[in-house]
Amino acid sequence: MTVVRTRSDRRRLAVAAVIGHSVVIAGAALLREPTLWFAVGLLIPGLCLCVGAAAVLRRAVGRPASAAKDLDEREMLLRNRAHYAAFQGICVLMLVDLAYGLYAAGQPEPGSLLSSMTAALFVLGTSLPALWLAWKLPDDDPEDFDEGIPG
C-alpha cells in the first residue's frame with residue numbers, strides 16, 4: 001500500500017471519511033421499523049467507507065498519531081493540538097446526541113434510537129484527531145523519502 005504524502009490526498013481521504021460518517025449518522029437516525037432496511041443499507045457501506053478511510057488516514061498522518069514515547073517536541077505539540085480540537089468536537093457531538101435523545105424520548109423504543117446515534121457519533125469522535133491532522137499537516141518533504149538515490 002502506498003503512503004499518502006500530500007495534503008490534497010489526505011484532505012480527499014478526510015472528506016471521504018466525513019461522507020462515510022454522515023451516511024452512518026443518517027442511517028442511525030433512520031433506524032426504526034418503517035425505514036429499518038433502508039437504514040441498514042446506509043449503515044453498512046457508510047461504516048466501510050468511514051472506517052476504511054479513517055484507517056488509511058491514521059497511517060497517512062504518520063508519527064503525530066503515534067504513542068508519546070516515539071515523538072519529538074514538535075510532533076507532541078501537533079498531537080496535543082489534534083486531541084484538544086477533537087475533544088472540543090466530541091463535546092459538540094455529545095450536545096447533538098443530547099438533543100437527539102430529547103427527540104427520541106417521544107418515539108417508540110427510544111433506547112435503541114439513542115444507542116445507535118450515540119454509537120455513530122462515538123465512531124466519528126474517535127477519528128477526529130486523524131481528520132484534524134489530515135487537514136492541518138503540510139506536505140511531507142520528498143527528501144525524507146529518497147531511498148539513497150544520489151541527486
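The following dialogue goes through some features of a predicted model.

User: What is the secondary structure of the protein, and which pattern does it follow along the sequence?

Analyst: The model is predicted, and its secondary structure comes to 4 helices and 0 strands. Read along the sequence, the pattern is α-α-α-α. Of the contacts between residues at least 6 apart in sequence, 69% join residues at least 24 apart.

User: Which residues does UniProt list under "transmembrane region"?

Analyst: The UniProt entry, which is unreviewed, lists residues 12-31, 37-61, 82-103 and 115-135. Two of these ranges can be set beside the model. Residues 37-61 are 100% helix and 0% strand, with end C-alpha atoms 36 Å apart. Residues 115-135 are also 100% helix and 0% strand, and there the end C-alpha atoms are 30 Å apart.

User: Which residues of helix 2 are buried, and what do they pack against?

Analyst: The general point concerns the helical repeat: an α-helix has 3.6 residues a turn, so residues three or four places apart point the same way. In helix 2 the buried residues are Ala39, Leu43, Gly46, Cys50, Ala53, Ala54, Leu57, Ala60 and Val61. They pack against helix 1 (7-29) and helix 4 (110-136).

User: How many residues does the largest nonpolar core have, and which elements give residues to it?

Analyst: The largest nonpolar core has 27 residues, and Leu57, Leu128, Leu131 and Leu133 have the most contacts inside it. Helix 1, helix 2, helix 3 (73-104) and helix 4 each give two or more residues to this core. Helix 4 gives the most, with 10 residues. Taking Leu128 as a case, and leaving aside neighbours within four places in sequence, its contacts are Ala86, Gly89, Ile90 and Leu93.

User: Is Ser127 buried or exposed, and what does its side chain join?

Analyst: To read a residue of this kind, take its relative accessible area, where buried means under 20%. Ser127 is at 3%, so it is buried. Ser127 is in helix 4, and a polar contact of 3.0 Å joins its side chain to that of His21. Beyond neighbours within four places in sequence, Ser127 is in contact with His21, Ala54 and Arg58.

User: Is Ser116 buried or exposed?

Analyst: Ser116 also lies in helix 4. Its relative accessibility is 14%, so Ser116 counts as buried.

User: Where is Glu109 found, and what is its phi?

Analyst: Glu109 is in the loop between helix 3 and helix 4. Phi of Glu109 is near 55 degrees, which is positive in a residue other than glycine. The cut-off for exposed is over 50% relative accessible area; Glu109 has 59%, so it is exposed.

User: What do the burial and the accessible surface come to for the protein?

Analyst: Buried residues make up 30% of the 151 residues. The accessible surface comes to about 9300 Å², and 66% of that belongs to carbon and sulfur atoms.

Methods:
Residues numbered from 1 in each chain as written. Predicted model: local features only at pLDDT ≥ 70, side-chain atom pairs only at ≥ 80, totals over all residues. Heavy atoms only, no water. Buried < 20%, exposed > 50% of the residue type's maximum accessible area, 1.4 Å probe, protein only. Contact = heavy atoms within 4.5 Å. UniProt positions renumbered as here; feature names shortened; annotations may be inferred. Areas by Shrake-Rupley, 256 points an atom, 1.4 Å probe, with all protein chains shown as cover. Polar contact = N/O pair within 3.5 Å; in protein donor to acceptor, adjacent residues only side chain to side chain. Core = buried A, V, L, I, M, F, W, Y, C linked by side-chain atoms within 4.5 Å.
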